[in-house]
Amino acid sequence: MGMSVTISVATEQDAEQIFKLQYLCFQSEAALYGNYRIDPLVQSLDSVREELAADCVYVARLGDEVVGSVRGRVTEDGAAAIGKLCVHPRLQGHGIGARLLRAAEAALEGERGATRFRLHAGHRSEGNLRLYRRVGYETVGTAQGTDGVPMIVLEKQAGTYAVTA
């Protein structure tokens with residue numbers, strides 16, 4: 001019998017696994033843009049620890065292994081900025097990313113008062129954009145990442161959950 005993937009709040013002890021998973025998962029994004037200095041690949045372990053302490057962070061676990069993560073925080077305008085969603089390459093395509101997003105959205109709305117959710121995706125990241133649109137996000141604009149990657153900005157109102165996720 002196989003194990004189930006569980007979604008839970010990340011703990012301080014998860015920092016190193018999240019850090020390593022993020023580095024693994026964002027290699028394909030770096031290759032897509034020919035830029036191995038994208039923000040998730042140059043983030044320090046200490047910075048991940050700081051986000052764990054301050055932000056809303058969820059992980060997907062398969063046994064003791066962290067196989068997915070997502071982070072979010074409420075910004076000054078009441079929107080929740082969600083980012084660094086990643087799922088281990090061997091487990092992508094099984095709904096784990098959507099489950100992580102749902103968990104973060106519920107906590108950001110229920111515990112931190114977010115009125116809407118905002119995220120950024122690289123303009124060539126079709127798989128990510130497909131997921132975000134499938135769970136109810138709509139394009140609201142574009143931005144330039146601090147790493148030089150052109151980004152698409154997507155949002156959805158709090159309380160709207162797509163049934164097809």
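For the residue classes used on this tour, Ala, Val, Leu, Ile, Met, Phe, Trp, Tyr, Cys and Pro count as nonpolar, Asp, Glu, Lys and Arg as charged, and the others, Gly among them, as polar. The model is predicted, with local features needing pLDDT of at least 70 and side-chain atom pairs counting only at pLDDT 80 or more, while totals for chains, interfaces and linings use all residues. Residues are numbered from 1 along each chain as its sequence is written, and side-chain values use heavy atoms, leaving out hydrogens and water.

Select residues 5–159, where an unreviewed UniProt entry places the feature "domain: N-acetyltransferase"; such annotations may be inferred rather than shown by experiment. The span is 36% helix and 34% strand, these being DSSP runs (helices H or I, at least four residues; strands E, at least two) numbered from the N terminus.

Next, select Phe26, Lys84, Leu85, His120 and Tyr132, which lie nearest the centre of the largest pocket among its 47 lining residues. A pocket here is an open set of points on a 1 Å grid over the protein atoms alone, where a 1.4 Å probe fits, with protein on both sides within 12 Å along at least five of seven lines, and lining residues have an atom within 4 Å of a point. The lining divides into 21 nonpolar, 16 polar and ten charged residues, and β4 gives the largest share, seven residues.
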